[in-house]
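Here is a short report on charged pairs and one further residue. Keep the sequence and the 3D view open while reading.

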Amino acid sequence: TISLAGKVVIGSVQSDTQSRVVKFNINDIQTGQGTIPVVYKGTVPDTFKEGNDVLVTGYLDQNGVFQANKLDPKCPSKYEPA
């Protein structure tokens, strides 16, 4: 099990509400490079949005897809103290 932090790529989110599966891509927070596809099955928090930072925990499968069993969206910076 490993954790990856990244930014949710705008336009990459695909969700199936019936199966509760969400697929999206993340890339490096600093550079915007290095896209990794992610699949997560479960309840998606309200704070999960395209373009926001996210922390996913899980494993990288043999096809190079990150299979996340935990999805932790990061709060926007407006909630951080100045």
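**Salt bridges**

This is a predicted model. It holds two salt bridges. In one, the side chains of Asp 53 and Lys 7 meet, with N to O at 3.0 Å. Asp 53 belongs to strand β5 (residues 53-60) and Lys 7 to strand β1 (residues 2-8), so this pair ties together parts that are 46 residues apart in sequence. The other bridge joins Asp 72 and Lys 74, whose closest N and O atoms are 3.2 Å apart.

How exposed are the partners? Buried would require under 20% relative accessible area, and exposed over 50%. The table lists each value.

| Residue | Relative accessible area | Class |
|---|---|---|
| Asp 53 | 25% | partly exposed |
| Lys 7 | 28% | partly exposed |
| Asp 72 | 29% | partly exposed |
| Lys 74 | 35% | partly exposed |

**Val 8**

Val 8 lies in strand β1. Is Val 8 buried or exposed? Its relative accessibility is 2%, so Val 8 counts as buried.

Which residues does Val 8 touch, leaving aside those up to four places away in sequence? Its contacts include Val 13, Phe 24, Asn 25 and Ile 26. Phe 48, Lys 49, Glu 50, Gly 51, Asn 52 and Val 54 are also among them.

Gly 42 gives a distance to check in the viewer. Gly 42 and Val 8 are 34 residues apart along the chain, and their C-alpha atoms are separated by 17 Å.

Methods: Residues are numbered from 1 along each chain as its sequence is written. This is a predicted model: local features need pLDDT of at least 70, side-chain atom pairs count only at pLDDT 80 or more; totals for chains, interfaces and linings use all residues. Side-chain values use heavy atoms; hydrogens and water are left out. A salt bridge is a side-chain nitrogen of Lys or Arg within 4 Å of a carboxyl oxygen of Asp or Glu. Helices (H or I, at least four residues) and strands (E, at least two) are DSSP runs, numbered from the N terminus. Buried means under 20% relative accessible area, exposed over 50%, partly exposed in between (1.4 Å probe, protein chains only). Contact means heavy atoms within 4.5 Å.
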